[in-house]
Amino acid sequence: MSADLAASATTLRGLHVPGRPLVLANIWDAASARLAEAAGFPVVATSSGAVAESLGHGDHQDAPVDEMFAAAARIARAVGVPVTVDAEGGYGLPADDLVGRLLAAGAVGCNLEDTDYTSGGLTDVAAQADRLASIRAAADRTGVPLVINARIDVFVRAGGSPESALCDDAVTRAKAYLAAGADCVYPIALRDADVLRQLLAEVSPGAVNVLTLPGGPSVAELAGLGVARVSMGTAVWRAAQAALAERLAELAAN
């Protein structure tokens, strides 16, 4: 099993190519995972927000960790492509436990956020880098090259500050996380193409993941900028819920 997981992780890592980004739909259960695979997505990625809400909880580590990993395991069993899990802030688990639970679920990649859910602010950059390094070391001990996507929450917690004023902090975090062993960095909620271009130049050749947002660059534009991974976040879940709500309203009106 570990050999299969190692091969799957290697496949996932190899799909992170600047300029030819891995596009992820971000799903929430086994059924949506199968649909993503059938549509041709080479990787299935979860959205923590969508998974948590489908389980009756809120995002940001509100859902019980056992439920989140059980959902991840159902998703991984349902498909034959690599699965990467949005593991939020890591649920306070020690590195070996977090890696063990990811691999036991059948996941070969994970998102890890640098929000401190205890204080509500950002985790100290050095502390987060140390955390990522410990997770990389734990994965190495298993022989599975877990693909770590280190989320940078500077822009999502901007508080009205212009994105250009936050770029230096984001770059500092990106460089530290890549040096610690992350495979990709994820400056979530960054939408300004000029700021993104600057960040990409500063961290090159490191892989960068971007969330598609209204008013932000398109997938084609992100590819042109040199992004290596594109996520939809909760967008597919929200669209599915909107379609379901519309259909239910039609049925209720008859």
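1. Cys184 counts as buried in this predicted model, since its relative accessibility comes to 0%. The sulfur of Cys184 lies 12 Å from the closest cysteine sulfur, which belongs to Cys110, and because a disulfide requires sulfur atoms within 2.5 Å, that separation is too far for a bond.

2. For the model as a whole, the count of disulfides comes to zero.

3. Which residues touch the most other members of the largest nonpolar core? They are Val44, Leu146 and Leu196, in a core that holds 81 residues. Helix α4, which spans residues 65-78, supplies the largest share of this core, with eight residues.

4. Leu196 deserves a separate look, as its partners can be listed by name. Once the neighbours within four places in sequence are set aside, Leu196 is in contact with Leu190, Val208 and Val210, and also with Leu222, Leu225 and Val227.

5. On the surface, a nonpolar patch is formed by Leu244, Leu248 and Leu251, which together have about 270 Å² of accessible area. Leu244 belongs to helix α10, which runs over residues 235-253, and with a relative accessible area of 43% this leucine is partly exposed.

6. The backbone has a cis peptide bond that a reader may wish to inspect: it joins Ser204 and Pro205, and its omega is about 5°. Pro205 is found in the loop that connects α8 (193-203) to β7 (207-211).

7. Where does Gln61 lie? Gln61 is in the loop between α3 (48-54) and α4, and its phi is near 65°, a positive value in a residue other than glycine. Gln61 is partly exposed, its relative accessible area being 25%.

8. Tyr91 likewise has a positive phi, near 60°, and is a residue other than glycine. The loop that holds Tyr91 lies between β3 (83-86) and α5 (95-105). Is Tyr91 buried or exposed? With a relative accessible area of 16%, Tyr91 is buried, because the limit for that class is under 20%.

How values were computed: Residues numbered from 1 in each chain as written. Predicted model: local features only at pLDDT ≥ 70, side-chain atom pairs only at ≥ 80, totals over all residues. Heavy atoms only, no water. Core = buried A, V, L, I, M, F, W, Y, C linked by side-chain atoms within 4.5 Å. Buried < 20%, exposed > 50% of the residue type's maximum accessible area, 1.4 Å probe, protein only. Helix = DSSP H or I, 4+ residues; strand = E, 2+ residues; numbered from the N terminus. Contact = heavy atoms within 4.5 Å. Patch = residues over 30% accessible without salt bridge, like charges linked within 9 Å, V, L, I, M, F, W, Y side chains within 5 Å. Areas by Shrake-Rupley, 256 points an atom, 1.4 Å probe, with all protein chains shown as cover. Salt bridge = Lys/Arg side-chain N within 4 Å of Asp/Glu carboxyl O.
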